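Biologist: I'd like to learn how to read a model like this one. Can we go through it together, starting with what hides from solvent?

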Amino acid sequence: MTQQKVIVTAALTGSAHFPSMSPYLPITPKQIIEEGIRSAQAGASILHIHVRNPDNGMPTPDIDIFREVLTGLKEATDAVICISTGGGMGMSTEQRAAPVMTFKPEMASLNFGSMNFSVFHVAEKIREWKYPWEKLGMLASEDFIFPNTFRTLREFLSIFTANETRPELEVYDLGMVNNIAFMLGRGHLKLPVHIQFVTGTLGGVPSTVNSLVTLVNATREAVGQGNFTWSAIGAGRQQMHICSVALAMGGNVRVGLEDNLFISKGVFAKSSAELVGKIIRISKELGLEPANPDEARKILGLKGLAKVNY
Ligand code: KMH
Ligand code: ZN
């Protein structure tokens, strides 16, 4: 049965978009905090967090910058924080795991398999580069393998368990569903699991209805209907289409500037909050109300804000 409450996640800045791609991508801790507050006010119950070097917009694993953002958000909103352990290109697994060990968040992402992850094809569209590192970084992604080996998954999962952090399993391809079933079988993961299906990245499944339906059905077969909650991301211009399909299928949704920079064709979204507002309007038309943070905590079985370490 379709649930009546939908969890909307706002992904505020990410690491796959570059400062030269949009003037509205938040860079500094202050900008990321403000974007988080605006998105929560617009109805997002989860905020997915990456941080950037405030001097040049480069994604960074810097723990002090994470701390500044997390404490700033906690002062202003009770939204659930989901820290990225995907990090950014070139970060080590230790750097990616460190925020979970340090801050013990309620949730963090866990990318469930290695894959090509590239944005080099976007470089030809950029007319003016804001920072010197950007063009090289973007082009270098042609050769980037996003490393999430079984050993990494096992080690990450034991860190998540030790810190009572709920993993959000990022699934970009059918084989990753199989990886979840394998890790469940080995006892590294416990039911129910929470999955984020990602379409539209270069290296993962395309943003089609068939992709999402196939991933969800494969998970029902491999993990068991009723053994998982899920959400969907449509990276790029198909964000609202994939999220609308997810809503119709009874799933939850993630929007935000990490995944899509445009509110409509050729028009920049000025804030992730605009994208949150748009998907909530669509949800309401479908009879779905946004879950507030405490409702999201209940649906996802989270430990609560009192148990985080920031
Ligand atoms: N960048 C997204 C496509 C992560 O941060 O761990 C998926 C993501 C991964 O958000
Ligand atoms: Zn992310």
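Biologist: Before we go on, what am I looking at?

Modeller: This is a predicted model, where local features need pLDDT of at least 70, side-chain atom pairs count only at pLDDT 80 or more, and totals for chains, interfaces and linings use all residues. Residues are numbered from 1 along each chain as its sequence is written, chains are lettered from A and ligands numbered from 1 in the order in which they are written, and side-chain values use heavy atoms, with hydrogens and water left out.

Biologist: Which residues coordinate the zinc ion (ligand 2)?

Modeller: Donors are N, O and S atoms within 2.8 Å of the metal (3.2 Å for Na, K and Ca); water is not among the atoms, so sites may look incomplete. Here His48 (NE2), His50 (NE2) and Glu258 (OE) coordinate the zinc ion, at 2.0 to 2.1 Å. Along the chain, their spacing reads H-x1-H-x207-E.

Biologist: And which residues touch the most other members of the largest nonpolar core?

Modeller: A nonpolar core is a set of buried Ala, Val, Leu, Ile, Met, Phe, Trp, Tyr and Cys residues joined through side-chain atoms within 4.5 Å. The largest has 85 residues, and Phe112 and Ile180 touch the most other members. Another core, of nine residues, lies apart from it, with Ile46, Cys82, Leu300 and Leu302 among them.

Methods. Buried < 20%, exposed > 50% of the residue type's maximum accessible area, 1.4 Å probe, protein only.
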